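The sequence and structure come first.

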Amino acid sequence: MAVNMGRGIGSDIREQFLTLKVMANNIKSQEQFLMMVDRQDIIPDMARRLSKEAVSSDLISNKRVLLDFLYNMLVRTGPDEPHMDVEFHYIIIGKGFFEVDKSVLWMEDVELSIPFEIGDKFGKKIVGEDVTDAVKKIMAFYKEAEFRFDQEQFGNLERCSLLILEEHYPQSSWHIRMRLPAKILNDYPVSI
């Protein structure tokens, strides 16, 4: 008698995570193709423009599908499923420059780079249009989220972290790394 040991708690979520990984890799290859086409001078201008238009529209569509798939996956994730976290790396330069450096989805110890637009839109929801006090706004948001997840996870704060580094040379800037349970995206939905 054969027994399938692969079907247990979390196996469906793990399969969905692998599907998400394939989608993210496809997006990454499309982005690399666009960068390669930009650098190639031997490609005629008309061919370059048409190929960039075709791939760019497909790329945006694929990013939207990935985000929708991610939201659906997070909604179905239960307490006995593998832990999923999001981590965003932000850079703040001066008083007016705010950008995302990296967006990552974690399933337990497996890292998956997701489109930077997710972290960018999420960060703009936290900070708003006025980025003059972005560090304080992110700290306040994090403290509130950490308190919430502390209560939901009965004091287990291993999944929440905030690292803020201030750089003085060559110019004043802040580097922020924030990691929270991925369900935070359901509370602050973004679109691409």
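My entries on the strands and then the helices follow.

Before starting, I noted that this is a predicted model, where local features need pLDDT of at least 70, side-chain atom pairs count only at pLDDT 80 or more, and totals for chains, interfaces and linings use all residues. Residues are numbered from 1 along each chain as its sequence is written, and side-chain values use heavy atoms, with hydrogens and water left out.

Entry on strands. I looked up strand 1 (residues 84-93) and strand 2 (residues 97-107), which run antiparallel and are joined by 10 bridges. Strands are DSSP runs of E with at least two residues, helices are runs of H or I with at least four, and both are numbered from the N terminus. Two strands pair if DSSP finds at least two bridges between them. Asp85 has Trp106 of strand 2 as its bridge partner. Three residues lie between strand 1 and strand 2 in their hairpin, and Gly94 in the turn has a positive phi of about 65 degrees.

I then followed strand 2 to strand 3 (residues 110-113), where four bridges join the antiparallel strands. Val104 is paired with Ser113 in strand 3. This hairpin has two residues between its strands, and Glu108 in the turn has a positive phi of about 55 degrees.

Entry on helices. I found that the axes of helix 3 (residues 116-127) and helix 4 (residues 134-152) come within 9 Å and cross at roughly 95 degrees. That makes the two helices roughly perpendicular, a term for angles of 65 to 115 degrees. Helix 3 makes the contact (heavy atoms within 4.5 Å) through Phe122, Ile126 and Val127, and helix 4 through Ala134, Lys137, Ile138 and Phe141.

Terms used:
Axes are lines fitted to C-alpha atoms, for helices over the stretch in contact, and angles run from 0 to 180 degrees between N-to-C directions. Angles under 35 degrees count as roughly parallel, over 145 as roughly antiparallel, 65 to 115 as roughly perpendicular and the rest as oblique.
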